[in-house]
Amino acid sequence: MPDHDPWASASEVRTSARWHSAAAKWGQALTEALLDAANLQQDSVVLDIAAGSGDPALSIAQRLTQGSVVALDPSSPGLLLAKRQAEDMGVGSRLRFVQADAERLPFPDSCFDRVTCRCGIMFFAELDAALGEIRRALKPSGRVSVLAWGPFEQPFVESTVGVILRIVPGTTVPEAVQAAFKFARSGLLSAALQRNGFRSVEEQHLTLPRIWAGLPLELWQYFQEVGTLERPLLEMIPGGLRPDVDRVACAALARFRTGDTITVPAQVVLASGVR
């Protein structure tokens, strides 16, 4: 592992004392939609890929009474943070943590009832290899459910990345950010599943509420701290323009505020298939 792992840094931010509660609620609607699509059973054996700092693997463990979850991620520091959370939540006995890549799953054939992946499939280095591995690791009639971002042109992106692009001369969208929205066009995600042998494939385009319990300034600060993909863009903001960027971003996010809560609609793509 390199000395500086930006994904690990993002995991530390999400699980920090300052942001943990708000960060969990911020992603809750996405997690619930994914787990509903997965059609979990109480005794399901589940593999959660790109588990990051723990969610949705932790949420899956809370839903199960007899089953178990493997949280898999290439970042060891994120998994260590997730393990601590699992122990604090009392679900550690139902969770196992594995550091590995999706393209090379270290599991035997046909050992999982469900595979889930929230906002990770866009970053698989070899998409078909990863989906082939997922299908191999699923039991016959096992189900995979994956969630990806919808179009780039959506409210939170326009209120953060879009503000920087409008105010700071010479800025463009980093390639890594563009990749996050690669499955926005209808049919792309389901086609990837079908191409790799999954059947009964379903794709939904949903608008879900991302809820932030706090102020616009806090959400803007959180975005800057956790924004691994946006880091090159954030670093291009010159000191002289920083006050303008902060002011406009906070004003843009404030449009979604009611009382002490900010509710931003998020457009996502959700696809499921059966082995």
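Visitor: How far apart do the centres of the positive and negative side chains lie in the protein?

Guide: This is a predicted model, in which local features need pLDDT of at least 70, side-chain atom pairs count only at pLDDT 80 or more, and totals for chains, interfaces and linings use all residues. Residues are numbered from 1 along each chain as its sequence is written, and side-chain values use heavy atoms, without hydrogens and water. Lys and Arg count as positive and Asp and Glu as negative, leaving out His and the chain ends, and each charge is placed at NZ of Lys, CZ of Arg, CG of Asp or CD of Glu. There are 27 positive and 30 negative side chains, and the centres of the two sets are separated by 4 Å.

Visitor: Which strand holds aspartate 73?

Guide: Strands are DSSP runs of E, at least two residues long, numbered from the N terminus. Aspartate 73 belongs to the run of residues 68-73, which is strand β2.

Visitor: Is aspartate 73 buried or exposed?

Guide: Buried means under 20% relative accessible area and exposed over 50%, with partly exposed in between (1.4 Å probe, protein chains only). Aspartate 73 has a relative accessible area of 8%, so this residue is buried.

Visitor: Which residue's backbone nitrogen does the side chain of aspartate 73 reach?

Guide: A polar contact is a pair of N or O atoms within 3.5 Å; within protein, one must be able to donate a hydrogen and the other to accept it, and residues adjacent in sequence count only if both atoms are side-chain atoms. At 3.3 Å from the side chain of aspartate 73 is the backbone nitrogen of alanine 51.

Technical notes
Helices (H or I, at least four residues) and strands (E, at least two) are DSSP runs, numbered from the N terminus.
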